[in-house]
Amino acid sequence: MTFDELINNITQWADDKGILFRENAPQQSMKVMEELGETMGAILKGKKPDEVTDGIGDVFVTVIILSKQLGLDPTECLESAWNEIKDRKGKTVDGTFIRED
């Protein structure tokens, strides 16, 4: 399945569940943080790869729903972020990328 098909399926699911309203964005933001925290916990605890995969997928789902609640296209959000970082220069220190000023 393509990324666009997945976005459409997630959007339809969220619409069917009555989630896709702008006023739900604060709660959805908290859901994004919850799923990210669970994923971080799975990574730190050395959980099985399928649990981490599921966690990352859950983060994607919650972010896609949040973007739709705010009237944003998730692909455009991703492209905007890519355009912002693609030419950054810097180095990785202890696993963290430090960009040059």
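Biologist: Which residues is Glu 35 in contact with, once its neighbours within four places in sequence are left aside?
Modeller: Glu 35 is in contact with Asp 58, Val 59 and Thr 62, where contact means heavy atoms within 4.5 Å. Residues are numbered from 1 along each chain as its sequence is written, and side-chain values use heavy atoms, with hydrogens and water left out. Please note that this is a predicted model, in which local features need pLDDT of at least 70 and side-chain atom pairs count only at pLDDT 80 or more, while totals for chains, interfaces and linings use all residues.

Biologist: Where does Glu 35 lie?
Modeller: Glu 35 belongs to helix H2, residues 25-44. Helices here are DSSP runs of H or I with at least four residues, strands are runs of E with at least two, and both are numbered from the N terminus.

Biologist: Is that Glu 35 buried or exposed?
Modeller: Glu 35 is buried, as its relative accessible area is 9%. Buried means under 20% relative accessible area, exposed over 50%, and partly exposed in between, with a 1.4 Å probe and protein chains only.

Biologist: And Thr 39, what does that one touch?
Modeller: Thr 39 also has its place in helix H2. Not counting residues up to four places away in sequence, Thr 39 touches Val 52, Gly 55, Ile 56 and Val 59. Thr 39 counts as buried because its relative accessible area is 6%.

Biologist: Then Lys 31: buried, partly exposed or exposed?
Modeller: Lys 31, again in helix H2, is partly exposed, since its relative accessible area is 32%.

Biologist: Turning to H3, which of its residues are buried?
Modeller: The buried residues of H3 are Val 52, Gly 55, Val 59, Thr 62, Ile 64, Ile 65, Leu 66, Ser 67 and Gln 69.

Biologist: What covers them?
Modeller: The cover over the buried residues of H3 includes helix H1 (3-16), H2 and helix H4 (74-85).

Biologist: How does the span of H3 agree with its 21 residues?
Modeller: The 21 residues of H3, residues 49-69, should span 30 Å at 1.5 Å a residue, and the end C-alpha atoms are 30 Å apart, so the two values agree. The expected span is 1.5 Å times one less than the number of residues.

Biologist: Now the strands. In which sense do S1 and S2 pair?
Modeller: Strand S1 (residues 90-93) and strand S2 (residues 96-99) pair in the antiparallel sense over four bridges; pairing requires that DSSP finds at least two bridges between two strands. One of the partners is Arg 99 in S2, which bridges to Gly 90.

Biologist: How many residues sit between S1 and S2 in the hairpin?
Modeller: Two residues lie between the strands of this hairpin. Asp 94 lies in that loop between S1 and S2.

Biologist: Stepping back, how many helices and strands does the protein have?
Modeller: The protein has four helices and two strands. From the N terminus on, these elements run α-α-α-α-β-β.

Biologist: What box do the C-alpha atoms fill?
Modeller: Taken along the principal axes, the C-alpha atoms fill a box of roughly 45 × 35 × 30 Å. Of the 101 residues of the protein, 20% count as buried.

Biologist: Lastly, what share of the contacts with a separation of 6 or more comes from residues 24 or more positions apart?
Modeller: Such residues account for 55% of those contacts in the protein.
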